[in-house]
Amino acid sequence: MIHFIDPDRKTPYLLPPSMEDWLPEGHLARFIVEVIEQLDVSRLVKQYAGRGCKAYHPATLLAILVYGYANGVFSSRKLEQATYDSVAFRYLAAGSHPDHDTLANFRRRFLGELQNLFVQVLELAQEMKLLKVGRVCLDGTKIHANASKHQALSHGHIEQMERQLKAEVQELFALAEQADQSAIPDGVNLPEEISRRKDRLAVMADAKSKIAARAQARYEREKFLYDEKMARRAEREASGQKRLGKAPKAPDPTPKVQDQVNLTDEESRIMPVSGGGFEQSYNAQAAVDDQTMLVVATGVSQAPNDKEQVLPMLETLQAQAAALGPIEALVADTGYCSEKNVETCEVLGITPYIAVARENHHPDWRQRHTEPEALAEDATRMQAMMHRLKTQVGRGIYRLRKQTVEPVFGIIKSVMGFRQFSLRGLTQVQGEWSLVCLAWNVKRMAVLRL
């Protein structure tokens, strides 16, 4: 006779159930509660007025968000449903069920405070002897914006559509003034058609003004660099030195035909993505500790190029140095390489390991076992860094980048499932990226402590 366990779902509990029995020891949800209980959330608590109905404690809502982002649940509606369906979420919410509006408003309202909590988590990791900041690896990845690239309008396309819509408006006005309107198709409401086109023209005019403002900002940056180059050329000519080739072209303040703005999220940009093609995206940056794979600094940029991201990241790391300790070395790929970035690192006392060019995938075996010739005494900082990267020690340090920051991005995108921002606008996106990296750090700390 076959014996089965009887699935009895009607017998009531003989004793009151305890939440401590819901999850096994070492579960991530338990660790998240332990971590958040040690954070100072007083800045969040002070922003509650204390009027009306009782509010959910910020620590409870933060725990739900962190666990959700660590496990690929980003929608506030799905987070609300998880407090009913998931044992771990029920444990985090202590049996309560915050609605999706509460979760969404909390996330949107306190994104600006996440950077402070992000640093507090890193300080806690140091207290747990899990982190000792010294050498970091910097890289960026494109994260899709909460907008479609098909909602982007280029300056050239706007001008073309404006001409077409204005011609259609004139034609519709002419039809409306005719006494005999038999030529108008049945079901066509002329006032509605005219109003629809006028609204579209207003949207396009607003988009053109934003493109023009961006073009002016770009012109000011390019004009500054142009003036510097022309001043250096004038100094060389005045001193009788040889002219440096063809003079640079003066920048143009007018918008380019390909300049565009997205109607859904105007602060996002069309960017090239890995594998080919272009998407409406943001450029998310992360500096990762090479020993623990913990993210120690974050940033989000609208520029598809990484070259201008070294200085903002160094400023963030320097601001956190008082709490986390100074950075000794910075490792980055060739996308970050420039003389300015190398000099900035050296001035701050940080040793740069920034690749100058792409390396061959299969170099000669002798290169891995030989040292370069001695560095010249009058070598520049860039030459000194190039020499450093050719040494066996330098090559070993640079190789750490492939096993630290790149796997972090891979896990965030493929395992945690974060491939698109839920919020819109650069400020909101920066806060959400900090939340993603905070969730990654807590998840990583739970592994490191074992």
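Contact here means heavy atoms within 4.5 Å. The model shown in these views is predicted.

**View A. Ile32 in the largest nonpolar core.** Leaving aside neighbours within four places in sequence, Ile32 is in contact with Ala63, Val66, Tyr67, Leu92 and Val442. The largest nonpolar core has 102 residues, and Ile32, Phe418 and Trp433 are the ones that touch the most other members. Helix α15, residues 426-448, gives the most to this core, with twelve residues.

View C. Helix α11 covers residues 339-347 and includes Val342. Val342 counts as buried because its relative accessibility is 1%, and buried means under 20%. Beyond the neighbours within four places in sequence, the contacts of Val342 are Pro352, Arg381, Met382 and Met385. Val342 and Met385 are 43 residues apart along the chain, and their C-alpha atoms are separated by 8.0 Å.

**View D. The second largest pocket and its lining.** The space in the second largest pocket is about 630 Å³. Its lining consists of 19 residues, and Arg214, Arg218, Asp259, Arg269 and Gln302 lie nearest the centre. Two or more lining residues come from each of α9 (190-238), β3 (260-262) and β4 (269-272). The largest share, five residues, is from α9. Sorted by class, the lining has seven nonpolar, six polar and six charged residues.

Technical notes: Residues are numbered from 1 along each chain as its sequence is written. This is a predicted model: local features need pLDDT of at least 70, side-chain atom pairs count only at pLDDT 80 or more; totals for chains, interfaces and linings use all residues. Side-chain values use heavy atoms; hydrogens and water are left out. On a 1 Å grid over the protein atoms alone, a cavity is a set of points where a 1.4 Å probe fits but cannot get out, and a pocket is an open set with protein on both sides within 12 Å along at least five of seven lines; lining residues have an atom within 4 Å of a point. Grid points are joined across faces, edges and corners, and a volume is the space filled by probe spheres set on the points. Helices (H or I, at least four residues) and strands (E, at least two) are DSSP runs, numbered from the N terminus. Ala, Val, Leu, Ile, Met, Phe, Trp, Tyr, Cys and Pro count as nonpolar, Asp, Glu, Lys and Arg as charged, and the others, Gly among them, as polar. Buried means under 20% relative accessible area, exposed over 50%, partly exposed in between (1.4 Å probe, protein chains only). A nonpolar core is a set of buried Ala, Val, Leu, Ile, Met, Phe, Trp, Tyr and Cys residues joined through side-chain atoms within 4.5 Å.
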